[in-house]
Amino acid sequence: MLKLSTMKAMVLAGGLGTRLHPLTVNLPKPLVPVANRPLMEYVIEHLKQHGFDEIIVLLYYQPEIIKKHFGDGKRFGVKMSYVSAPKDFGTAGAVKFAAKDLSEPFLVISADLICDFDLSRVIKFHKDKKSIATMVLTRAANPLPYGIVILNKENKIKHFLEKPSWSEVFSDTINCGIYLLDPKALEYIPSEKNFDFSHDLFPKLLAEKLPLFGFVADGTWKDIGSLLEYSICQRELIGGEKNKIDGSAKIADDAQLVHCSVGKNCQIGRGAVLKGAILWDNVIIGAEVKIERGILASNTTVGDRTVIEEGAVIGEGCHIGKDALVKAFVKIWPNRIVEEGAVVSRSMVWRERWTKGIFGPYGVTGRCNIEITPEFAAALGAAYGTILGKGAEVVASRDSHKSSRMIFRALISGLLSAGVNISNLEDVPIPINRYEIRSLKSKGGVHVRKSPYDPDIIDIKLLDEDGSDLRPSKEKKIERLFFGEDFMRAGIEDVGELSFPYHRVAESYKAGILSLAKAELIRSAGIKAVIDYSYSSASKIFPSILGELGIEVVALNAYIDETKITKNKAVFERELNQLSEIVKSLKADIGIMLDTGAEKIFLCDEKGRILLGDAELAAITLLNLKSYKGPIAVPVKASRVIDDLAKAYGAKVKRSKNSSQAMMETASLPHIKFLGEPLGGFIFPEFQPTFDALFATVKILELLAEGKIKLSGLVDEIPKIHMASKEISCASEQKGKVLRSIVDGAKDEEVDLTDGVKLFHGASKDKQPDWVLILPDPARPVIQLYAEAGSDKEAKKLISDLVEKIDALKQ
């Protein structure tokens, strides 16, 4: 039997610590002081207390500084050795590199956490379960920054997802960054390749159904993953209104300190007022200085009467002159000089202090010139350009509004500053940008628009190299650079080039559509359509395409008007009703309204019946099924009627996540021929796997002509849809608990975790099961609820029962 004292521990101390910039620009994260002690000292002390006297430290970033501080470990009562990887192998890859000679189970722990877990219980659990890998877990109110886990009754891990969005959260049980590994686990890690525990090893062990267990530990656990968490941890370690002051510090008698941490050899002048401040070693604070929860790294000097507002972070070796003002949440890199009387104001007004990210479900959104400013847009462009790299090609476009133009120019300036070349299409619909990205084989794209829903909001969409919305992994990389302000700046001769290829791109897009359309078939059908362009730039290109196809068009609002980009519900409904009346009066075959971005369409049949939501989706799905029987895709919140229709035509249905990016990614799968969603978005991947209202319009008209079908016939053929929905408030820190409790309470119900939590019940041979979907909003403190049943009354009852259950869980 293995004795605890003979077990070795590995400490992962190679991280770059970018989320703690500017504090970690010149200092490795494990040495960042917490309550006047280097962070990793807490880890070594905890290991020593539990009998680990032989510790291997894995290094990568600034290894010599860590070695110099800890030495051979004798000062801490342990034996310490070091392994430096020649390059970044990832967490699991680094452990494999360092553990070549280990033949017994060993512990792996991150160097950037503080905890008091009983590790002896973890080891006993690991041995009793005969686990190949044991993950130490805890509960967290906000599980987003961590890996989330669901366990079975034997504590075996059933589901694991690293750093989810709120729509993906199914538990508040999280990975603590502490693992017990059997040497056999190393066999599943490739040698000297980038391989991560959370992203690679654990999913692999799960896939191969190996004994991967989770131990839910009791006690305190603090992850120092961000500047906010660093500050909170400091305050909690100090406790109450106390101060943590090194004995060598010199503090004036009338200085006021509340809940502060003060390092070695600091000096604080007369009349200074510090609340919640964190001062590293050798910081000099002048007279009458005011600091509110600021962090000042070593060897920084602050002149008399200077004010440092809440959340400001100042790197080491800075000099802040007298009578200066450092605004809230400003970050200053090491060795900078701020002149006397200067106001340091970094206009990152997009509420950095309130959210941990800048991306939401619709891209980057915020109030113009308050949250989305030119300075913000330029920094975002520089961050995106840094990810793409010097010399990359990017396609850029916008809508017609003057505010969009302002933000657009700042955004492309940031991109150019990083050495990125821009193809500026100016005012075009988003689908043309997406199409050009693929045609030009660009690295990405950007589109700026005034929100179609809120008159005060600007949307910035960043696009991936396949034209789809940017993937979450890239969004997180951009966020790290943005908040760290760590941008690549091109030299004077390497700044990116700007070109204006609109006419070539417009002709290419037109030719692309016409090459796929069955023009003769459409012409021979003699279709008469009423099309509402919604005052968008689609009116510049779409009429010529429709003319080539011989479609008789009655055009509405076919000119650009920047004052009518945003529509409230009343205007939208009024214009839809107007479209319906015109279709009926002119005896047209179909009415089509484009949204302002030309990504979505809203229909009415020749009888003037307006199709919205799942009814529109069902009609267009049925139209496609009548033409071909290939697999189709819809989001998880779409009606089960889609499955009924597909079954009748012998087709399969793929359910995707509900985000636009996820739907586009699903549409890119080689076997998918059509994807639709209940908000008017349709994708025909044969042209491009993104939402494109112009091609969708042509394709729908083509399918109607090919089948000699009227839209009204499709409407009449659709089964009755009985759905209900509701939005309820739920604090972000409660969402994980609610979702986990619902999953745990699902006994006889089928559970689908594709997006949120979807529960099915009441299935039979004759009918599909009723269902409810619990979908946490990724940006707001609310949960979206959806339900479908055999009647409207039953669907509403499912929602009301669910609301009652969730309200009880929130108590």
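**The enclosed spaces and their setting**

Tutor: Buried residues account for 57% of the 811 residues in the protein chain, and since this is a predicted model, every value here is computed from predicted atoms. The secondary structure of the chain comes to 21 helices and 51 strands. The radius of gyration of the protein chain is 30 Å, close to the 28 Å that the globule rule gives for 811 residues, so the chain is as compact as a globular protein of that length. Along its principal axes, the C-alpha trace spans about 90 × 65 × 50 Å. Among contacts between residues at least 6 apart in sequence, 61% join residues at least 24 apart.

Rolling a probe the size of a water molecule over the atoms shows where empty space is left. In this model the count comes to 2 cavities of 30 Å³ or more.

The largest cavity has a volume of about 130 Å³, and of the 18 residues that line it, the closest to its centre are Asp399, Ser536, Ile565, Thr596 and Gly597. Strand 35, which covers residues 444–450, gives the most to this lining, with 3 residues. Sorted by class, the lining of the largest cavity holds 7 nonpolar, 6 polar and 5 charged residues.

The second largest cavity contains about 30 Å³ of space, and its lining is made up of Phe682, Ile683, Phe684, Phe687, Gln688, Thr690, Asp692, Phe695 and Ala696. Two elements, strand 46 (682–683) and helix 18 (693–707), each supply at least two residues of that lining. By class, the lining of the second largest cavity has 6 nonpolar, 2 polar and 1 charged residues.

One further element can be looked at for its cover. Helix 17, running over residues 660–667, is mostly covered, with 6 of its 8 residues buried, and the buried residues of helix 17 are Gln661, Ala662, Met663, Met664, Thr666 and Ala667.

How values were computed:
Residues numbered from 1 in each chain as written. Predicted model: local features only at pLDDT ≥ 70, side-chain atom pairs only at ≥ 80, totals over all residues. Heavy atoms only, no water. Buried < 20%, exposed > 50% of the residue type's maximum accessible area, 1.4 Å probe, protein only. Helix = DSSP H or I, 4+ residues; strand = E, 2+ residues; numbered from the N terminus. 1 Å grid on protein atoms, 1.4 Å probe; cavity = no way out; pocket = protein on both sides within 12 Å on 5 of 7 lines; lining within 4 Å. Points joined across faces, edges and corners; volume = space filled by probe spheres on them. Nonpolar A, V, L, I, M, F, W, Y, C, P; charged D, E, K, R; others polar. Rg over C-alpha atoms; globule rule 2.2 N^0.38 Å. Contact = heavy atoms within 4.5 Å.
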